Amino acid sequence: MTQTTDLRGVVPERGARNGPGGATLGLLLLGQFMAILDVNIVNVALPTMRADLHASGAGLQLIVAGYTITYAVLLITGARLGDIAGHRRMYHTGLAAFTVLSLACGLAPSTWPLVGFRFLQGAGAALMTPQVMSMIQRGFTGPARARALGLYSAVIAGGVVVGQAAGGLLVSADLFGAGWRTVFLVNVPIGAALLVAGPRLLRRDEHSRGGDLDLPGLLTLSPAVLLFVVPLILGHELGWPLWGWVSLAASAAFLAAFVAVERRVAARGGRPLVSPRVLRAPGLLPACGAIMLAPGSWGSFLFTTTLHLQGDLKMSPLESGLAFIPCVAAFALVGLNWQRLPARWHRRVIPAGFAIAAAGYLCVGPLAGGGVAYELLTAVIGFGLGVMSIIMTVGLEHVPAADAADASGLMLTLMQISQVIGIATIGTLFLTAAESSGSTRHAEYGTGWALGAVALAGTVFTVILARRREGVRDT
């Protein structure tokens, strides 16, 4: 197993439980939570935005999607900047930008300034959030790191659900008559508090790796991600226009160019954005495959279930957000307690979790009438997908600390893109079925089968990951 170092460059003693304290971890995770929250908190405020700003349909789409686009495009670049200039410095820089731009969004006078601020806010989040996983990976060791990654996964999963509920609560409360603006302004006092506490709690960047940004890689990867994400986000609402298919084809061309560029950079002794050395870390590739499928099914499940709860089941946005509490609680239960299981069980837990989630998804249609059984079903799905934290721990455990930023940027980007793909594909399947039948309950049947197929496909990667981990531990 590859040894990892802490932020001071010291290799921890075997079995040590050293690492930053709970306050430091809380500060990091709260920043991550705000960034995830802002992906979904805007959704329930859209009707009041339309009325107040007289926004067009395209404007509303870009208010939601602009944040996600820049967030997904710039994550790997944000991770590399943290490695070059220092993770603490980049965390604070991204947090400051995110906080100021949240204020700008909340004070935006009309639609298009708000759209522009949302794009920039996503860039601030992309600079801040990769540093969270990098500092966890580099600053925590052993069981402390596994627990920190479990909390990290719970924050990512819970932030999506809390965004739905918090958005409904804030808009309904209409604090100080601010209406929809509160969904952005709520970030300002939290961000300011984190900026004050950060210098006291986060370790100084004593050793940055330096090097360059790999501009050729950046100039090919960014358009590849951008051209891929934009049509998936906007395609359904715009009727899948021709330019969207052209954009997807162009994305594939840029991706091929990126691979060629990265090989050339590595051959010359440079440091590519996605290093072959990182990809060769035992377990990372199958972990990335599982990470592409788990958040994709999770994100599309939350998306389609929210529409069903507010559709045939007639729940309010706040009620539908609160309905996911059993699901998120079960997710956190697994993510925070899997280490209590006997060590010989760990490699079996991951594929078992995907199998449980797949079985739960197959019951989505038959139990879509609501009630206690439906709530318990969401808990079963959350329980199964709680293994996402184990996937991240196992996938990163053999990555050297020096490569933590590259690995974290890659995994975060894959997680973000997988959710976009899941919502674009399974979400479109749900919307099409609901529109044709006039019933979201009817649409849940096909959606459940599709989600089950995704989870079953994920078991393939998780079995490979479990065997790869066991093989490395036996050597």
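Modeller: Buried means under 20% relative accessible area, and exposed means over 50%. Partly exposed is what falls in between. Keep those cut-offs in mind, and remember that this is a predicted model.

Biologist: Let me try them on one residue. Is Leu95 buried or exposed?

Modeller: Leu95 has 0% relative accessibility, so it counts as buried. Leu95 sits in helix H4, which covers residues 87–107. Now look along the chain and across space. Leu95 and Ala35 are 60 residues apart in sequence. Their C-alpha atoms are 9.3 Å apart in space.

Biologist: Can we apply burial to a helix too? How many residues of helix H17 are buried?

Modeller: Count the buried residues against the length. In helix H17, residues 388–396, nine of the nine are buried, so the helix is largely enclosed by the rest of the structure. Among them are Met388, Ser389, Thr393 and Gly395.

Biologist: How far is Ile390 from Pro216?

Modeller: The two lie 174 residues apart along the chain. Between their C-alpha atoms there are 34 Å.

Biologist: Next, charges. What should I look for in a salt bridge?

Modeller: Side chains of opposite charge can pair when their charged atoms come close. The cut-off here is a Lys or Arg side-chain nitrogen within 4 Å of an Asp or Glu carboxyl oxygen.

Biologist: How many salt bridges does the structure hold?

Modeller: Three. Take Arg118 and Asp38. Their closest N and O atoms are 3.4 Å apart. Arg118 is in helix H5, residues 111–139, and Asp38 is in helix H1. That pair links distant parts of the chain, 80 residues apart. Arg118 and Asp38 are both buried.

Biologist: Which residue pairs with Asp52?

Modeller: Arg181 does, with the closest N and O atoms 4.0 Å apart. Asp52 is in helix H2, while Arg181 is in the loop between H6 and helix H7 (182–185). Here 129 residues separate the partners. Asp52 is partly exposed, because its relative accessible area is 42%.

Biologist: And what does Asp83 pair with?

Modeller: Asp83 forms a salt bridge with Arg271, with closest N and O atoms 2.3 Å apart. This pair also links distant parts of the chain, 188 residues apart. Asp83 is in helix H3. Arg271 lies in the loop between helix H10 (242–267) and helix H11 (276–279). The side chains of Arg271 and Asp83 make a polar contact as well, at 2.3 Å.

Biologist: Is Arg271 buried or exposed?

Modeller: Buried, because its relative accessible area is 14%. Asp83 is buried too.

Biologist: Now backbone angles. What is the general idea with phi?

Modeller: Most residues other than glycine have a negative phi. A positive value is worth a look. Phi of Trp240 is near 50°, which is positive. Trp240 is in the loop between H9 and H10. With a relative accessible area of 29%, Trp240 is partly exposed.

Biologist: What is phi of Lys314?

Modeller: Near 60°, a positive value again in a residue other than glycine. Lys314 is in the loop between H12 and helix H13 (317–322). Its relative accessibility is 68%, so Lys314 counts as exposed.

Biologist: Last, the surface. Which residues make the nonpolar surface patch?

Modeller: Leu333, Ile356, Val380 and Phe383 make it, and its area is about 310 Å². Ile356 is in helix H15, residues 346–362. A patch residue needs over 30% relative accessible area. Ile356 has 31%, so it is partly exposed.

Conventions
Residues numbered from 1 in each chain as written. Predicted model: local features only at pLDDT ≥ 70, side-chain atom pairs only at ≥ 80, totals over all residues. Heavy atoms only, no water. Patch = residues over 30% accessible without salt bridge, like charges linked within 9 Å, V, L, I, M, F, W, Y side chains within 5 Å. Areas by Shrake-Rupley, 256 points an atom, 1.4 Å probe, with all protein chains shown as cover. Helix = DSSP H or I, 4+ residues; strand = E, 2+ residues; numbered from the N terminus. Buried < 20%, exposed > 50% of the residue type's maximum accessible area, 1.4 Å probe, protein only. Polar contact = N/O pair within 3.5 Å; in protein donor to acceptor, adjacent residues only side chain to side chain.
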